[in-house]
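Happy to go through this one with you. Ask away about how each label was reached.

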Amino acid sequence: MGRNKVLIDLHSGGDSMPSGRKGVIVFYKELISVCKRNKNRTTLYGNVIDDKFIECLKNRLKQLEMKFVCLP
């Protein structure tokens with residue numbers, strides 16, 4: 001028999017994220033880091049963490065960084 005599949009909880013930091021604009025950016029950076037360590041595994045929601053998944057997170061991080069740079 002094979003091993004039991006362990007599902008990954010990408011955000012184990014509780015129900016809150018750091019406040020302010022930088023908090024969202026820090027959240028995404030941590031999320032990307034966790035995904036890189038758990039590549040080819042499955043999240044609690046059934047998503048497989050692969051290169052495409054990580055690339056989508058990186059693209060969203062870039063969008064957020066650009067948006068926050070433009071804000072006063």
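Q: Where is Asn 40 found, and why is Asn 40 called exposed?
A: Asn 40 sits in the loop between helix 1 and helix 2; helices here are DSSP runs of H or I with at least four residues, numbered from the N terminus. Its relative accessibility is 61%, and exposed means over 50% relative accessible area, buried under 20%, partly exposed in between (1.4 Å probe, protein chains only). Therefore Asn 40 counts as exposed. This is a predicted model, where local features need pLDDT of at least 70, side-chain atom pairs count only at pLDDT 80 or more, and totals for chains, interfaces and linings use all residues. Residues are numbered from 1 along each chain as its sequence is written, and side-chain values use heavy atoms, leaving out hydrogens and water.

Q: What makes the phi of Asn 40 worth a look?
A: Asn 40 has a positive phi of about 70°, although it is not a glycine. Most residues other than glycine have a negative phi.

Q: How do you know whether Tyr 45 is buried or exposed?
A: Tyr 45 has 75% relative accessibility, so Tyr 45 counts as exposed. The place of Tyr 45 is also in the loop between helix 1 (21-37) and helix 2 (51-70).

Q: Why is Leu 64 called buried?
A: Leu 64, which lies in helix 2, has 8% relative accessibility and therefore counts as buried.

Q: Which residues is Leu 64 in contact with, leaving aside neighbours within four places in sequence?
A: Those are Val 24 and Tyr 28, where contact means heavy atoms within 4.5 Å.

Terms used: Helices (H or I, at least four residues) and strands (E, at least two) are DSSP runs, numbered from the N terminus.
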